Amino acid sequence: MPSLVRPARREGGFIQQFLVIIGISVLSGVLIAGLALPWVAMASKGADKAAAAMASFALRLDFKPLDERTTVLDAQGGTLATFYDENRTYVPLDHIADVMKEALISIEDARFYQHGPIDIQGTVRALLVNEASSSPIQGGSSLTQQLVKLTLLANATTAKQRAAATARDYSRKFLELRYAVWVENHFTKDQILEHYLNIAYFGDGAYGVQAAAHHYFNTTADKLTLPQAAMLAGLVKSPTYLDPTKYAKAALDRRDTVIGRMLQLHVITTAEARSASRSPLNLHVTQMPNGCANSEAPWFCQYLLNYLQRDPTLGATQADRNHAIFGGGLTVKTTLDPRYQLAADKAVADHVLPTDAAAIGALAMVEPGTGKVKAVAQSRPMGTNKASGQTMLNFTVPKDYGGAAGFQPGSTFKAFVLAAAIRKGIPLSTSFPSPNPITVDERNYKTCSGHPVGSAHDTFHNEGEAGTYNVYSGTALSVNTFFVQLERLTGLCAPFTLANEMGMNLAADKYQVVSLTLGVADESPVAMANAYATFAARGIYCPATPVTAIIDRTGKLIPQAKTECKRILRPAYADAVNSVLQGVMQPGGTGSALTIDQPAAGKTGTTDNSQSVWFIGYTPNLVAASVVAGVSPTLLPRSLTGVTIHGNYISFASGGGIAGPIWLQAMKAVERFLPNANFVKPDPSVVKGQTVPIPSLYGYNPGAAAALLSKLGFVPQISYSVSSSAPLGTVAYTSPSQQGVTGETVLIYLSKGYTP
């Protein structure tokens, strides 16, 4: 079968092209003809002068990278979202079906591979027709000239530039010729055709042949058939008025015109033309999603988009970053695991309805040691229909990334005081009589400046009864009056600083207060889950991130801004926090009903008046933070007491009873995907106040016994000798003898070597 898609000798040389341009100038009017007058004199001096004139006549055309859509992938490689201003994917010429190239050349520029910058025959014929007509100029443009026009339009940044690129007069045509000369001298015909097929608009939001093939026929450019290619080739003349989704008859007629032209040029056979013309359009319109609204994980997608818009590696300015996101053809690999997302969505939906006007539920999952956000979910869907509970605020992430301020985390903040106490060396056996209520003097609480927080007296209450509690029991039962006293030992600066080191954003002039331990600052589930991930990662804090890699359109990895993980706590200190928080999940603890088939630790949280309730629980390799918050119609905080959530009337709201079940359902769904791992027991030589078994040291050398006791975290001390059956001078027994509290003294009694 004959083919137009082939290189061939270009007709005419410099002189012929040169004389045609002079002729065009003359026909184009006095102004442009004036530009050609010096050329006429130069032409008489021969080919060398003509060649020089042609070179100076050419104008360099700037080919900027075409806008391409960005693809967002989840952790399993599935497409999560696409972002674009122009729906385009650039494809090389050898990835475009030959029949598509033939169809386009046949209808737009049949002599494309024969002529130079301009088609002499076509241009002269068009000029003669135009001169004899009063209508605007038309016809005669080669594919190269059309590419020039499309490129100038793509490069235009002002209304004036856009108007100049589309003006219907000879001045524009003449300018296009000058650019076309440069293009033809610097690019091959195949390169010109490739760029044209990728820059051209094919209507209905499809830019470039690859996007058009997918949009209209759900196929790719390399698999286009003759009828499909003919229809697409016909669209470039008038992509708006030939749009087959709106004007099917016009598009069909235009397609058949292209087929007829291909037959006339002997590019296809009569049989092929007849078969193609009998074929219906057979559209299979496929819309390419754009943005987050249609994503499987819209709230994660919105979080990601806001995160990317703040990423300095994508550009120095907001405009630069937006252009990279919506036109840079990036591939963004994310941390989202669709299995975890499905579990999170279902857990939230099963406990809080979108139409629960007085409450919002949310959940976030974060991987310790990496900061990877595995899933985020909230009860209110994305949208603007408030009657159905929709919102555009993302309550799962910090305000900078979602627009919502978050919710007070209540007693989950006690973990920061706990960690600060352990880091200060306060024994876990430390206990206080904890009355209900308790009144404390602010002058006993020092801020980071070293000054008292104030001079007032603050009163705090417990949910439970008064009693004497140590670090273990006070945490397991979340005793407010115990932690207020523990905070006096740590000072306000230590937990305040630690919280900020773990991702909180607490203002020094606002949150260095006695009530810090009760969680008075608004926070998001992602921020709280990521802070607790520091404990699970044995003291390593990693900034939360939704991104694992960003790859540019050439396949090159874009280095990300440094947000390296850093050690916040010694491993033994974090292990001690985990040990204490495991007690929350054990019988008698506030999270005792929330058991899964993996080692777990956690903390409940309930704010004053039950305006928000939390549960943050974790295994060694996954943290999940759940929250249910009461809100007014204007999203101001309100009590959950007395509201109905998912059809259930709430008479008493608690973190373990309301937020905890969301966490439990989600974790049960994903725990099978988690590696089996155990928490590490705290090093007793580092963390004081642990109850540790003391082995029998009967018959030991006193030095060896002392060394072992020191390793177990005790202070060994040689006592007096006693009658014993143990060999003379060896250990008879210790006191205490079976278990003790690390940091305390253990007496070693030596044997006299006989039994009385």
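Helices and strands on this tour are DSSP runs, numbered from the N terminus. One thing to know before we start: the model is predicted.

**Stop one: a pocket.** Select helix H14 (298-308), helix H17 (399-402), helix H23 (525-536) and strand S11 (547-551); each of them supplies at least two residues to the lining of the second largest pocket. This pocket has a volume of about 1000 Å³. To find the middle, show Pro398, Tyr401, Gly503, Tyr541 and Ala544, the closest to the pocket's centre of the 42 residues that line it. Now colour the lining by residue type: 23 residues are nonpolar, 12 are polar and seven are charged.

**Stop two: two helices.** Next, select helix H4 (residues 98-108) together with helix H12 (residues 248-264). How do their axes cross? They come within 9 Å and cross at roughly 90 degrees, which means that H4 is roughly perpendicular to H12. Show the side chains where they meet: Val99, Glu102, Ala103, Ser106, Ile107 and Glu108 come from H4, and Arg254, Thr257, Val258, Arg261 and Met262 come from H12. The residues of this contact comprise five nonpolar, two polar and four charged.

**Stop three: a cavity.** The structure holds two cavities of 30 Å³ or more.

Technical notes: Residues numbered from 1 in each chain as written. Predicted model: local features only at pLDDT ≥ 70, side-chain atom pairs only at ≥ 80, totals over all residues. Heavy atoms only, no water. 1 Å grid on protein atoms, 1.4 Å probe; cavity = no way out; pocket = protein on both sides within 12 Å on 5 of 7 lines; lining within 4 Å. Points joined across faces, edges and corners; volume = space filled by probe spheres on them. Helix = DSSP H or I, 4+ residues; strand = E, 2+ residues; numbered from the N terminus. Nonpolar A, V, L, I, M, F, W, Y, C, P; charged D, E, K, R; others polar. Axes fitted to C-alpha atoms, helices over the stretch in contact; angles between N-to-C directions. Parallel < 35°, antiparallel > 145°, perpendicular 65-115°, else oblique. Contact = heavy atoms within 4.5 Å.
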